[in-house]
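Please look over the sequence and the model below. The report takes up helices, pockets and aromatic rings in turn.

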Amino acid sequence: MPLSKLDHKRAITHLKKDKVLAKIIAKHEALVWAKPGDLFADIVENIIGQQLSAGPTKIITKRFIDLFKTKKFPTPKQIITMPDQKIRDCGMSWAKVKYVKELSRMVQNKELDLEKVKTLPDEEVIIELTKVKGIGRWTAEMVLIFYLQRPDVFSLGDLGLRTAVAKLYKVSRDDLKKIAKISASWSPYRSLASRYLWKSLDNK
């Protein structure tokens with residue numbers, strides 16, 4: 001469940017015990033969490049954004065939505081029936097076209113129950129989502145952090161997070177054990193810590 005206002009205050013107090021993180025928190029206004037929209041749309045957008053920065057992801061996603069001429073995010077059925085080439089022409093790689101189609105097929109056929117996914121513990125969410133070809137642990141963790149707003153998620157597979165920790169704590173961004181140990185001290189509020197770490201990169 002998302003953090004309440006009281007839990008958010010507790011989270012900030014806890015994270016500020018880390019002097020390095022406290023400096024980052026002090027530089028930024030309180031972070032707000034966007035109200036979750038549609039989980040299916042969120043996963044598709046995460047697939048589109050794999051290995052891309054925010055700018056290209058936004059452009060390709062808009063082209064993809066515009067392709068369906070409904071002013072709404074397309075349904076799984078609409079995506080399934082859309083020719084692959086037209087989706088490819090939005091700027092997606094052929095691999096991503098395949099992944100988006102496979103996700104749509106599984107949701108349409110009830111092989112993946114997204115309403116059930118919302119109720120599962122973190123690791124079970126990851127297990128369910130990674131059954132879809134093209135969805136790896138990183139994508140599932142982004143869903144956990146930003147859509148499901150689970151409070152205690154840290155993605156070791158996220159290069160940005162590892163880069164931020166490496167710069168701030170003077171460790172190698174490839175030393176996963178050290179980074180995991182550092183992040184453990186932020187539990188049970190690692191999702192909020194992650195957001196501040198991403199923010200720290202904006203100032204570099």
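## Helix α11

Why is α11 largely enclosed by the rest of the structure? Eight of the eleven residues of α11 are buried, so the rest of the structure largely encloses this helix. Buried means under 20% relative accessible area, exposed over 50%, and partly exposed in between, with a 1.4 Å probe and protein chains only. The buried residues of α11 are L161, R162, T163, A164, V165, A166, L168 and Y169. They pack against α2 (19-27), α12 (176-184) and α13. Contact here means heavy atoms within 4.5 Å. Helices (H or I, at least four residues) and strands (E, at least two) are DSSP runs, numbered from the N terminus.

D158 caps the N-terminal end of α11. One of its side-chain oxygens lies 3.0 Å from the backbone nitrogen of G160. Just after α11, K170 has a positive phi of about 60°.

## Basis of the model

This is a predicted model, in which local features need pLDDT of at least 70 and side-chain atom pairs count only at pLDDT 80 or more, while totals for chains, interfaces and linings use all residues. Residues are numbered from 1 along each chain as its sequence is written, and side-chain values use heavy atoms, with hydrogens and water left out.

## Helix α10

Eight of the eleven residues of α10 are buried, so α10 is largely enclosed by the rest of the structure. T139, A140, E141, M142, V143, L144, I145 and Y147 are the buried ones. They pack against α3, α9 (122-129) and α13.

## The largest pocket

The largest pocket holds about 920 Å³ of space. A pocket is an open set of points on a 1 Å grid over the protein atoms alone, where a 1.4 Å probe fits, with protein on both sides within 12 Å along at least five of seven lines; lining residues have an atom within 4 Å of a point. Grid points are joined across faces, edges and corners, and the volume is the space filled by probe spheres set on the points. Of the 30 lining residues, N46, G49, W138, M142 and F146 are the closest to the centre of the largest pocket.

Five helices each supply at least two lining residues: α3 (39-48), α4 (54-66), α10 (137-147), α11 (159-169) and α13 (190-202). The lining divides into 13 nonpolar, eleven polar and six charged residues. Ala, Val, Leu, Ile, Met, Phe, Trp, Tyr, Cys and Pro count as nonpolar, Asp, Glu, Lys and Arg as charged, and the others, Gly among them, as polar.

## The second largest pocket

About 190 Å³ of space lies in the second largest pocket. Its lining includes D38, L39, F40, P76 and Y147. Helices α3 and α8 (114-117) each supply at least two lining residues. The lining has seven nonpolar, no polar and five charged residues.

## Around F40

The model has six aromatic pairs. The rings of F40 and F73 have centres 6.3 Å apart and planes at 85°, so this pair is edge-to-face. F40 sits in helix α3 and F73 in the loop between α4 and α5 (76-81), 33 residues apart. Rings of Phe, Tyr and Trp (its six-membered ring) pair if their centres lie within 6.5 Å; planes under 30 degrees apart count as stacked, over 60 as edge-to-face and the rest as tilted. Ring pairs link F40, F64, F68 and F73 into a cluster.

F40 is buried, at 5% relative accessible area. S104, in helix α7 (residues 94-108), is buried at 0%. Leaving out residues up to four places away in sequence, S104 touches F40, P76, I79 and I80.

How values were computed:
Polar contact = N/O pair within 3.5 Å; in protein donor to acceptor, adjacent residues only side chain to side chain.
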